[in-house]
Amino acid sequence: MSFLTRTYPFKQSEHWLRDSIIYGIAIWVILYLLQPFGFGMYQGNKCFVAAIFGLVTSFCYAIYNWAIFSRLIRYVKPWRIWHDGCAVLGLIFFIAVCNFLLFSFIFCYPITIGIFLLFLYWTMIIGVIITAISIGIEYNRSLKDRLETLLSNTTEEQRDISITIHDTNVRGNDLCIPINNLLYIESQKNNISVCYLIDGKPTNLEIHTTLTAVTEELKAYENIFQCHRSFVVNVNNITSAKGNSNGYQLTLGPCTNSIPVSRSYVPRLKSFIA
């Protein structure tokens with residue numbers, strides 16, 4: 001229940017006309033290529049009829065967003081997850097009604113509550129699948145936008161900041177570099193390997209210390225993030241993150257190595273970005 005009352009976390013799309021065309025094409029593809037619900041038994045021009053259903057879906061989506069959804073967003077503050085869920089259900093119902101009337105006209109079926117409920121049932125199934133895919137795409141886009149904003153801000157703020165990584169050997173040399181040049185640090189038994197940039201090229205230096213000690217030294221910098229028991233990364237230099245809830249692979253700057261984010265650290269990474 002608390003999940004439904006949370007503020008809707010994604011920015012509403014301003015391209016509703018483009019989205020309406022995409023959803024219409026999706027309906028056309030599903031009907032024409034997969035031919036569900038007995039559509040394959042139709043003896044006429046299946047491509048043309050599927051296109052009509054897609055066109056009606058696009059029209060319904062555009063009208064609903066222009067006449068209802070945009071006004072709800074404007075007047076309901078804050079817009080919560082249950083608001084968006086109800087709005088999506090309303091859209092699916094509206095599309096179901098319009099497509100049912102079209103279906104009855106094309107196939108000469110009587111307009112009855114029983115047939116409509118069956119039609120609504122299948123429309124809901126398709127609608128939920130398309131909505132789930134759309135939300136998944138929007139979620140990843142939202143995370144990417146937040147990550148890019150975060151990295152841009154922190155990189156600029158730390159432009160003139162340098163960090164020192166201390167070598168615990170008696171004759172060891174400490175490493176002092178601009179924080180934005182640090183890519184990642186890897187634990188290697190009693191040593192660590194520091195990957196950082198020199199003249200824009202990645203360079204590795206082995207230092208006698210532990211990852212725990214370095215993490216403690218750099219704990220004041222929020223962008224120095226431990227993503228694995230053997231790796232610490234500078235999130236300012238993340239250029240891509242691929243994976244899922246079981247783990248991610250990070251790419252940092254021009255470095256060709258992929259840095260793992262273990263499963264236990266994935267929630268921390270997501271909350272850091274959010």
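Of the 274 residues of the protein chain, 36% count as buried. The model is predicted. Six helices and 10 strands make up the secondary structure assigned to the chain. Among contacts with a separation of 6 or more, 51% join residues 24 or more positions apart. The accessible surface of the protein chain comes to about 16500 Å². Carbon and sulfur atoms supply 61% of that area.

A nonpolar patch was identified on the surface. Its members are W16, L17, I21, I25, V29, Y32, L33, L34, F59, I63 and W66. Together these residues have about 1100 Å² of accessible area. Two helices, α1 (16-34) and α2 (46-75), each contribute at least two residues to the patch. Helix α1 gives the most, with eight residues. F59 belongs to the patch and is found in helix α2. The relative accessible area of F59 is 55%. F59 therefore counts as exposed, since the cut-off for that class is over 50%.

Backbone geometry was examined next. The peptide bond from K77 to P78 is cis. Its omega is near -5°. P78 is placed in the loop between α2 and α3 (81-107).

Positive phi values were found at K189 and at D199. Neither case involves glycine: K189 has a phi of about 55°, and phi of D199 is near 55°. K189 sits in the loop between β3 (182-188) and β4 (191-198). D199 lies in the loop between β4 and β5 (201-207).

K189 has a relative accessible area of 83%. For D199 the value is 79%. Because the exposed class begins over 50%, K189 is exposed, and D199 is exposed as well.

Definitions and conventions. Residues are numbered from 1 along each chain as its sequence is written. This is a predicted model: local features need pLDDT of at least 70, side-chain atom pairs count only at pLDDT 80 or more; totals for chains, interfaces and linings use all residues. Side-chain values use heavy atoms; hydrogens and water are left out. Patches are made of residues with over 30% relative accessible area and no salt bridge: like charges are joined within 9 Å, nonpolar side chains (Val, Leu, Ile, Met, Phe, Trp, Tyr) within 5 Å. Accessible areas come from the Shrake-Rupley method with a 1.4 Å probe; for residues, only the protein chains shown count as cover. A salt bridge is a side-chain nitrogen of Lys or Arg within 4 Å of a carboxyl oxygen of Asp or Glu. Helices (H or I, at least four residues) and strands (E, at least two) are DSSP runs, numbered from the N terminus. Buried means under 20% relative accessible area, exposed over 50%, partly exposed in between (1.4 Å probe, protein chains only). Contact means heavy atoms within 4.5 Å.
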